Amino acid sequence: MPYISIHVSSDLTQLQIKNLVEGTTNIMAKILHKKAELTAVSITKIDKEHWFIGNKLATNSVSAYVNAKISKGTNTDKEKSDALRAFNQLLDNEIGPLTPTSYVILDEVPATDWGYDGLSQQARMLKRTESGVIDMQYYTEKGKKERSDFIFSRLQKFRQAIFN
């Protein structure tokens, strides 16, 4: 359920807007494994008279700023790095050449702090029974397995320490 806000310092054609939205949705789906059908994208054009770089008006350059909100802990560092590069390439292809001071931010938000349709992401992650209540049996069994796996791994380390 990502939300991506794109700000650009240039006029865009309808084709560029379409390509930016499709490219953004593809990056989120293919690189960051987000659901395309839940990906929201907004694009805002900032007048060049309102865009500054290094305390100077950036009238002779094209700049962009992308802020993508994703759930914290749902992507690896490599996936995030790949997404940053893909966003830069997409923007450069569609509206570039970009200034080096074009920024992409992947803003990781705790699952408790955002959601859609009245439910947080954390609530959506909870396993529930068919009647909609939290499946306590599932979590009890999961806890037992995690504790058993932890004890087994500690025993393995203990054995290795004794016999090595």
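## Salt bridges

The structure, a predicted model, holds nine salt bridges, a salt bridge being a side-chain nitrogen of Lys or Arg within 4 Å of a carboxyl oxygen of Asp or Glu. One of them links glutamate 22 to lysine 18, with 3.1 Å between the closest N and O atoms. These two residues are four apart in helix H1, so about one helical turn separates glutamate 22 from lysine 18. Helices (H or I, at least four residues) and strands (E, at least two) are DSSP runs, numbered from the N terminus.

Residues are numbered from 1 along each chain as its sequence is written. Local features need pLDDT of at least 70, side-chain atom pairs count only at pLDDT 80 or more, and totals for chains, interfaces and linings use all residues, while side-chain values use heavy atoms, with hydrogens and water left out.

## The sheet

Four strands form an open sheet in the order E2-E1-E5-E6, with mixed pairing; two strands pair if DSSP finds at least two bridges between them. Strand E2 (40-45) and strand E6 (103-109) are at the edges with a single partner strand each, so one side of each has no neighbour in the sheet. From one strand to the next, the twist averages 15°.

Strands E1 (residues 3-8) and E5 (residues 64-71) run antiparallel and are joined by six bridges; valine 8 is opposite alanine 64 in E5. Helix H1 (residues 14-31) packs on the sheet and touches E1, E2 and E5, its direction making about 140° with that of E2. Helix H2 (residues 77-95) also packs on the sheet, where it touches E1, E5 and E6, and its direction makes about 140° with that of E6. Contact means heavy atoms within 4.5 Å; axes are lines fitted to C-alpha atoms, for helices over the stretch in contact, with angles from 0 to 180 degrees between N-to-C directions.

The pairing of E1 with E2 is parallel, over six bridges, and isoleucine 4 has valine 41 in E2 as its bridge partner. Together, E1, H1 and E2 make a right-handed β-α-β unit (with the strands pointing away from the viewer, the path from the first strand over the helix to the second runs clockwise).

## Backbone exceptions

Most residues other than glycine have a negative phi, and most peptide bonds are trans. Histidine 33, in the loop between H1 and E2, has a positive phi near 60°. The peptide bond from glycine 96 to proline 97 is cis, with omega near 10°; proline 97 lies in the loop between H2 and E6.
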